[in-house]
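The sequence and model come first.

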Amino acid sequence: MLAKTLSETLQRLENAASNAGRPVPRLLAVSKTQPAEAVAALAAAGQRAFGENYVQEAASKVRDLVELSLEWHLIGHLQSNKAEAAANLFDWVQTVDRPKLVAALARYRDVQRGPLNVLLQVNIDDESSKHGCRPEQLDALAAAVAAEPRLLLRGLMAIPAPHPELALRRDAFRRMKALYDGLAARYPQVDTLSMGMSEDYPLAVAEGATMVRIGTALFGVRKSRD
């Protein structure tokens with residue numbers, strides 16, 4: 001069943017990209033609250049990159065599935081006191097939003113593992129309930145990441161406000177693309193704009209997302225987290 005859902009989702013991504021005249025984005029399967037067995041089943045169908053919200057939950061899955069050599073992304077807010085664990089558990093951290101976190105991840109990343117891929121999270125709609133830096137803070141934060149040899153700046157991530165009016169979400173995606181283009185012009189290694197989820201990814205793809213984060217459309221409705 002998961003193999004069929006994955007195939008259908010990938011086809012929808014290809015269609016969305018084709019309709020918009022954009023490259024097909026990478027699919028990040030959001031596996032938070034899903035058991036390791038479900039991740040393994042999706043991996044068996046060909047999916048390699050998975051996103052988790054919580055360090056402790058991810059740790060058990062990474063351990064249980066280590067032989068599959070999957071690519072793990074942290075997409076939830078990271079507290080500084082969890083930075084040591086996150087620095088070597090994940091291949092990517094998509095939610096870097098403050099200098100203190102940059103310094104902590106760089107300090108703890110094992111040099112033998114190579115640089116940790118970093119996305120800067122932007123609070124694009126200035127929501128008080130959301131984490132992320134403000135657009136005007138991006139330059140300083142990007143410079144801080146670029147100065148750390150154990151970190152590799154790869155781009156930006158955002159979770160726009162869930163406006164029922166899709167035109168408002170489109171505007172947020174467009175503003176993110178403009179920020180991304182500016183960052184990529186200054187840092188040639190920047191290649192990732194992570195935005196768009198199960199209900200709005202076609203809009204994100206149309207506006208230039210290079211990675212979309214999809215959970216519900218792949219795994220079904222999530223189980224509640226205790």
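Which residues of helix α5 (residues 99–108) are buried? They are Leu-101, Val-102, Ala-104, Leu-105 and Ala-106, where buried means under 20% relative accessible area, exposed over 50% and partly exposed in between (1.4 Å probe, protein chains only).

## Basis of the model

The model is predicted: local features need pLDDT of at least 70, side-chain atom pairs count only at pLDDT 80 or more, and totals for chains, interfaces and linings use all residues. Residues are numbered from 1 along each chain as its sequence is written, and side-chain values use heavy atoms, with hydrogens and water left out.

The buried residues of α5 pack against α4 (83–89), β4 (92–96), β5 (116–122), α6 (138–146) and β6 (151–158). Helices (H or I, at least four residues) and strands (E, at least two) are DSSP runs, numbered from the N terminus. Contact means heavy atoms within 4.5 Å.

Leu-105 is also among the residues that touch the most other members of the largest nonpolar core, which has 65 residues; the others are Phe-50, Phe-90, Leu-120 and Leu-156. A second, separate core of five residues includes Val-30, Ala-49, Ile-75 and Met-211. A nonpolar core is a set of buried Ala, Val, Leu, Ile, Met, Phe, Trp, Tyr and Cys residues joined through side-chain atoms within 4.5 Å.

## Salt bridges

There are 18 salt bridges in the structure, each a side-chain nitrogen of Lys or Arg within 4 Å of a carboxyl oxygen of Asp or Glu. One of them pairs Arg-186 with Asp-139 (2.7 Å, N to O). Arg-186 belongs to helix α7 and Asp-139 to helix α6, so the bridge ties together parts 47 residues apart in sequence. Arg-186 is partly exposed at 44% relative accessible area, and Asp-139 is partly exposed at 48%.

Glu-199 and Arg-169 form another salt bridge (2.8 Å, N to O). Glu-199 sits in the loop between β7 (192–194) and α8 (201–206), and Arg-169 in helix α7, 30 residues apart. Glu-199 is exposed at 59%, whereas Arg-169 is buried at 6%.

In the bridge between Glu-207 and Arg-170, the closest N and O atoms are 2.7 Å apart. Glu-207 lies in the loop between α8 and β8 (211–214) and Arg-170 in helix α7, so parts 37 residues apart in sequence are tied together. Glu-207 is buried at 9%, and Arg-170 is partly exposed at 26%.
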